[in-house]
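This briefing covers a helix pair, a pocket and a peptide bond. Please keep the sequence and the model in view while reading.

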Amino acid sequence: MSLELALRTHLLSKTPITDIVGQRVAFGAIEPSADKLPDVLFAQLDASFTSTLDGDGEDLQFPFFEFACRSFDPTDVMTLANLIRRSLRELATGATITTSLGDVVIEQLVISGEEDQATAFEGQGLARLLHSRSIVVQVGYRFAVAAVS
């Protein structure tokens with residue numbers, strides 16, 4: 001869960017993102033709620049792969065994540081997607097994100113695609129379109145290991 005916490009911490013450190021979504025950046029599948037949009041959800045796409053090479057936690061891992069920006073306003077979705085991509089690109093050259101669970105070192109990051117969707121949404125007696133733009137990212141990371149003396 002450290003990588004997920006690190007990614008959320010990084011995105012919430014960006015004021016332009018929090019100006020739009022507040023603290024509504026979450027890991028996992030959450031049903032949309034009319035009073036809690038816009039938001040950003042992200043999930044690991046290859047969650048079945050959980051082991052490291054030979055059990056060594058220092059080995060570089062490359063999971064795929066999907067970041068979904070959701071809103072009733074398509075302009076918010078496009079703005080959020082651009083802000084998410086820009087924020088993630090900062091990690092592409094290497095960065096250490098400090099979290100309450102320890103440091104996560106991002107060594108590589110590849111933004112590999114995106115997809116737009118508009119789905120019917122009915123909530124609070126209103127029918128409208130829920131717009132989303134999903135960005136797929138592959139993250140090469142490792143947990144920082146304290147030096148042994």
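How do the residues of the lining of the largest pocket divide into nonpolar, polar and charged? They divide into eight nonpolar, five polar and four charged, where Ala, Val, Leu, Ile, Met, Phe, Trp, Tyr, Cys and Pro count as nonpolar, Asp, Glu, Lys and Arg as charged, and the others, Gly among them, as polar. The model is predicted, with local features needing pLDDT of at least 70 and side-chain atom pairs pLDDT 80 or more, while totals for chains, interfaces and linings use all residues. Numbering starts from 1 along each chain as its sequence is written, and side-chain values use heavy atoms, without hydrogens and water.

**Helix pair**
- The axes (lines fitted to C-alpha atoms, for helices over the stretch in contact, with angles from 0 to 180 degrees between N-to-C directions) of helix H1 (residues 2-12) and helix H3 (residues 74-89) come within 10 Å and cross at roughly 115°.
- H1 and H3 are therefore roughly perpendicular to each other, a term covering 65 to 115 degrees.
- Leu-7, His-10 and Leu-11 of H1 meet Ile-84, Ser-87 and Leu-88 of H3, contact being heavy atoms within 4.5 Å.
- This contact of H1 with H3 has four nonpolar, two polar and no charged residues.

**Cis peptide bond**
- The peptide bond from Leu-37 to Pro-38 is cis, with omega near 0°.
- Pro-38 itself is found in the loop between strand E1 (25-27) and E2, strands being DSSP runs (E) of at least two residues, numbered from the N terminus.

Notes. Helix = DSSP H or I, 4+ residues; strand = E, 2+ residues; numbered from the N terminus. Parallel < 35°, antiparallel > 145°, perpendicular 65-115°, else oblique.
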